[in-house]
Amino acid sequence: MKYLVFNSKKEASQEAYKILKSLINENSTLGLATGSTPTDLYVEMIADYKAGNFSYKNIKSYNLDEYVGISYDHPESYHKFMEKNLFDHVDIDKANTHVPDASASDLELAVKSYQEELNKAQIDVQILGIGGNGHIGFNEPGTPFDAGVHVVDLKEETIQANSRFFDGDINLVPKQAMTMGIKDIMRAKHIILLAFGKAKQDAIRSLVEGDEITENIPCTILKNHPSVFVLVDKDADFQ
Ligand code: F6R
């Protein structure tokens with residue numbers, strides 16, 4: 001595991017983009033994340049595309065998760081997030097992008113078909129944020145490490161943390177999500193995990209320090225992955 005500390009989210013995201021670019025080509029498959037963490041990385045990706053240095057025409061992407069209970073048109077859905085923050089600004093073919101179909105009427109079927117799609121794919125680089133409680137994707141503490149795609153009840157602390165996207169009102173935050181499992185995340189060839197702000201410090205400590213691997217802190221499984229880059233700002237740094 002490579003652990004890198006930067007002065008700011010911007011600097012960490014610039015370096016994350018350099019690492020990402022060194023690991024992929026224009027035919028690669030990306031695993032993508034949402035939330036506040038990867039936004040500056042997406043800014044770097046868009047800028048490099050606009051400068052004519054990279055094309056997404058043949059890139060495929062798979063997103064980690066999507067809320068259950070809000071439509072794709074909701075401004076805070078992860079479908080909308082991806083359009084706003086990346087897909088609408090590069091030449092990616094929307095048919096090559098995949099975000100869990102969490103507003104399907106038959107969720108069980110949607111879970112099964114996302115799993116099948118992932119099983120057929122090979123993600124070259126998975127981008128991850130991290131929850132204050134150590135969740136990756138929406139694999140909350142206690143999720144078995146061998147879990148695949150599933151519907152999850154979000155923990156109270158995750159609902160609380162994400163209320164900032166919903167006018168600070170926890171009642172407006174979806175209580176469930178559909179997520180890739182830990183097993184799916186671990187299949188990626190490379191992982192780039194970003195973390196910014198004090199609220200992530202404990203999770204980063206558990207991830208980087210010591211040998212403990214426990215389902216109670218999902219990110220700790222990444223200690224078993226052969227190629228992980230962890231980039232943090234100084235507030236998320238635990239040292
Ligand atoms: C998002 C995801 C989550 C977030 C995490 C941190 O697709 O899978 O694990 O990365 O909840 O969220 P932010 O970045 O908003 O602090």
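User: Which residues form one aromatic cluster here, and what counts as an aromatic pair?
Analyst: Start with the general idea. A pair of aromatic rings is described by the distance of the centres and the angle of the planes. Rings of Phe, Tyr and Trp (its six-membered ring) pair if their centres lie within 6.5 Å; planes under 30 degrees apart are stacked, over 60 edge-to-face, the rest tilted. In this predicted model, Tyr-67, Tyr-78, Phe-138 and Phe-166 form one aromatic cluster. The count of aromatic pairs comes to seven.

User: How is the pair of Tyr-62 and Tyr-114 arranged?
Analyst: The pair is tilted, with 6.5 Å centre to centre and 50° between the planes. Tyr-62 sits in strand S3 and Tyr-114 in helix H4 (residues 107–120), 52 residues apart. Helices (H or I, at least four residues) and strands (E, at least two) are DSSP runs, numbered from the N terminus. Both Tyr-62 and Tyr-114 are buried. Buried means under 20% relative accessible area, exposed over 50%, partly exposed in between (1.4 Å probe, protein chains only).

User: Why is the pair of Tyr-78 and Phe-138 called stacked?
Analyst: The ring centres of Tyr-78 and Phe-138 are 6.2 Å apart and the planes lie at 20°, so the pair is stacked. Tyr-78 is in helix H3 (residues 78–85), and Phe-138 is in the loop between S6 and strand S7 (150–153). Tyr-78 and Phe-138 are buried.

User: What does Thr-158 contact, apart from neighbours within four places in sequence?
Analyst: Contact means heavy atoms within 4.5 Å. Thr-158 is in contact with Asn-133, His-135, Phe-138 and Glu-140, leaving aside neighbours within four places in sequence. Thr-158 lies in helix H5 (residues 156–162) and is buried, at 3% relative accessible area.

User: How do I read the sheet, and what is its strand order?
Analyst: Strands of a sheet pair through backbone hydrogen bonds, either parallel or antiparallel. Two strands pair if DSSP finds at least two bridges between them. Here an open sheet of seven strands has the order S1-S10-S9-S6-S2-S3-S5, with parallel pairing. The edge strands are S1 (2–6) and S5 (97–98), each pairing on one side only. S2 and S3 pair over four bridges. S3 (residues 60–63) and S5 pair over two. Ser-61 has Thr-97 as its bridge partner in S5, and Tyr-62 has His-98.

User: What conventions apply to the numbering and the values?
Analyst: Residues are numbered from 1 along each chain as its sequence is written, and side-chain values use heavy atoms, without hydrogens and water. As the model is predicted, local features need pLDDT of at least 70 and side-chain atom pairs count only at pLDDT 80 or more, while totals for chains, interfaces and linings use all residues.
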